[in-house]
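Trainee: I would like to learn how to read a model like this one. Where do we start?

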Amino acid sequence: MNTGNINQLRMVGLGLLIVLATFAVYSPSIGYDFVPLDDELFVSGNPVVSGGLTQHAISTAWKANIGGYWAPLLWMSFQADVTLFGAAPWGFHLTNVWLHALNAGLLFWLLQRWTKSKGWAVALALLWAVHPLRVESVAWVTERKDVLSGLFFLLCVAFYVEGKGKMGYWGAASALAAGMLVKPGALLPVPFLLPLLDLWPLRRFEWTWRGLARQTIGKWAYWAIGLLLGWAAWRANATQGVIHSNLPSLVERLMLVPVNYVVFLKHMVWPTVMPLLTSSPVASGWTTVFSLAVLTGVIGISFWGAKERSRCIFVGWAWFLGMLVPSIGLVWAGTSHGSGERFSYLPQIGLMILLYGLGEGWRNSVKWTVGILLLACLTGLTWRRLPHWRNYLSFGQWIMECDAGHGTACQLGGDALMFKGDWAGAEEAFVRGASLYDNNCVARLCRIQNWCGQTEEAERIWGAFEEVSGQPLLESGPGMAEREQAMRWAIRGQILRARGDYVGALAALEEAVKLDTDPASFTVAEYLRTCHEAGRPEAGAAAAERLRAAKGIAIREWRDLLPRYLQFWQEGGRGLAFGYFDEYARRFPADGLALNNMAWLLATSVPDGLRHACMEEWPATALAWADRALAQGGEDMPGAWDTLAAARANAGDFAGAIAAVERGQEAAKRAGEWALEGNLQARLAEYRAGRPWREPDERTQAARKEPSR
């Protein structure tokens, strides 16, 4: 075997090692769930994707405009995942990881061809691949946009630099078109970037006017593709209202440019977390001047004494600065004016080229030492950052911490806290989001108030938001999920019912039930309750039948809803549930079992930090219901004594609680209920210590498990 073949085998082997190493670094994300930010809109709840890769689905992908995004090849890649792996999230994550790993291998191949150094190519490809700023693009299913458009971008560059004649020209054009059918905005600068490659590594750039004209005109296909597909993407944004109408002035946007460049450069060099949602920083005169000075100084220093490598350094800087143009604040569409980590996916390759230009003359020992340390540090930071994307709960808590100034982060963080059972923390997050005029936070804040039985406060918050913002909360915005719409209609129905407007309440709750795909949701219970209280039980017959068919729960009368409200109390909706309990006790004063169960919940639930309606009445009410239940059931019922003891302790009567427990223990022994007798003994210890008995509710128990949304 000759030397050329051996070198080729070595290069193939190194490329495979880079692919496998990159895959290994990001492989934990394969087991992750979808996250609540955009994954439902673009992937899990996207009807264009859900049916898999079929002829009809492919045709639909070319016409679909999802949330202002026209990306036929992106939708088709998701469709292929559904066909190959099913709709579970692991298949989508697996494809993301493989695509990024392939990009790392392809980048290695290009860098090796350009630098003629396998060592530099390995180091730079891995530094780019394992950098923490890649996590957002790889672990977030929605950001398939980055890894897939990145693959087509690198193929475009490969065809342009390494291709020959028409095959190279049209291969690059085809790859550019494919990439823009995935993420058009990110690849708009490519026609400007390709001539830079004539300067380095091709070294065929002509500085004469004739040469410049020939090179510009000769790339007409790239310009045409960029203009055509860029216009199509802009039109898709405009039709969905994603193009911002209240743009800052051109002067203000120009002032933002150097500031954003410095922000990106800082995070690439020193990879702290970049906000996922927060828009570009506010520019002032001094920040703009300071940022310009930093950029000018850093760029000037990089060229100091680098005559032999000046072309490489120039291309590295131009690549970095040029590929970031769509994300630096000049054009605002969607969130492309923000400073998210995903926007650094392709621009950072320019810094890898720059690093080669700066360090090509370093001693090998220095290069190896610095390279290994950097790789170890970056890999460690990436592994620390990956778990934030594990599931709904971890993502919500993380995004609220790193993006607290954004309404959507408050909403997602509040949802996660509510899922954990921390309703007080969730309310605080929603209050913060509502102060930022985030309509999702306002809706959730109203929902909490309703669940706390504070419907007047919910109505006040609802009305105040609509008056100040001029935005109806029931109006569906672009991409609003049906679940979100259902929640808002349910809130409105509860407010109207509290007013006594049963006609309006039934209409609103009926709309909510139509949009809610869960036949056993609490919205259905609220609808059926309203039907009975309005004297129109027949209106809820269809919903009741769906509930019976799905869960075996038969709701024929108003009182049949009691188990649903007992459960809802345990899940956190105590004020609303208490309203039902109180009415139930008035309607059915002889139902000792129900009174006992309701009294137990009132007396033993852990305080949740929220202000529920009639909270001050709960201790006395629990005591009254427990006394009544004991009187109706007889003194030989140990469970009734147990409830009475808990109610007395909750009301501060620990001596009475101890006496009730002792009577309960005697009854339990007579009945042979040894397990209950043991429970009573444990509670007796609490009462003797002057502490009421607290029963962990379903929310507390659920928080011990990893949620899956």
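The dialogue below goes from the whole chain to single residues.

Mentor: Start with the source. This is a predicted model. Then take the overall make-up.

Trainee: How many helices and strands does the protein chain have?

Mentor: The protein chain has 36 helices and zero strands. Its C-alpha atoms fill a box of roughly 105 × 55 × 55 Å along the principal axes. Of the 709 residues, 53% are buried. Among contacts between residues at least 6 apart in sequence, 71% join residues at least 24 apart.

Trainee: How should I read the buried part? Which residues have the most contacts inside the largest nonpolar core?

Mentor: The general idea comes first. In soluble globular proteins, nonpolar side chains tend to be buried together. Here, the largest nonpolar core has 127 residues. Trp 75, Phe 153 and Trp 389 have the most contacts inside that core. Helix α6, residues 89-115, gives the most to this core, with twelve residues. A second, separate core has 87 residues, including Ile 461, Val 524, Phe 568 and Ala 603.

Trainee: What is Trp 389 in contact with, leaving aside neighbours within four places in sequence?

Mentor: The partners of Trp 389 include Tyr 32, Asp 33 and Val 35. Val 135, Glu 136, Ala 139 and Trp 140 are also among them.

Trainee: Is α27 mostly covered or mostly uncovered?

Mentor: Mostly covered: ten of the twelve residues of α27 are buried. Among them are Phe 522, Val 524, Tyr 527, Leu 528 and Cys 531. Glu 526 and Arg 529 are buried as well. Val 524 also belongs to the second core.

Trainee: Which helices do the buried residues of α27 pack against?

Mentor: They pack against α25 (482-499), α26 (502-515), α28 (541-551), α29 (562-571) and α30 (574-587). After α27 comes Gly 535, with a positive phi near 75°.

Trainee: How do I describe a pair of helices?

Mentor: Two packed helices are described by the angle between their axes and the distance between the axes. Take α33 (residues 638-650) and α34 (residues 654-671): their axes come within 8 Å and cross at roughly 170°. That crossing makes α33 roughly antiparallel to α34, because angles over 145 degrees count as such. On the α33 side, the contact includes Pro 638, Trp 641 and Ala 645. On the α34 side, Phe 654, Gly 656 and Val 661 are among the residues that make the contact. The contact divides into ten nonpolar, two polar and two charged residues.

Trainee: Which backbone details deserve a look?

Mentor: The peptide bond from Trp 200 to Pro 201 is cis, with omega near 15°. Pro 201 lies in the loop between α12 (190-199) and α13 (209-218). Arg 203 is found in the loop between α12 and α13. Arg 203 is not a glycine, yet has a positive phi of about 55°.

Trainee: What about Lys 116: is it buried or exposed?

Mentor: Lys 116 is exposed, because its relative accessible area is 67% and the cut-off for exposed is over 50%. Lys 116 sits in the loop between α6 and α7 (118-130). Its phi is positive, near 60°.

Definitions and conventions: Residues are numbered from 1 along each chain as its sequence is written. This is a predicted model: local features need pLDDT of at least 70, side-chain atom pairs count only at pLDDT 80 or more; totals for chains, interfaces and linings use all residues. Side-chain values use heavy atoms; hydrogens and water are left out. Buried means under 20% relative accessible area, exposed over 50%, partly exposed in between (1.4 Å probe, protein chains only). Helices (H or I, at least four residues) and strands (E, at least two) are DSSP runs, numbered from the N terminus. Contact means heavy atoms within 4.5 Å. A nonpolar core is a set of buried Ala, Val, Leu, Ile, Met, Phe, Trp, Tyr and Cys residues joined through side-chain atoms within 4.5 Å. Axes are lines fitted to C-alpha atoms, for helices over the stretch in contact, and angles run from 0 to 180 degrees between N-to-C directions. Angles under 35 degrees count as roughly parallel, over 145 as roughly antiparallel, 65 to 115 as roughly perpendicular and the rest as oblique. Ala, Val, Leu, Ile, Met, Phe, Trp, Tyr, Cys and Pro count as nonpolar, Asp, Glu, Lys and Arg as charged, and the others, Gly among them, as polar.
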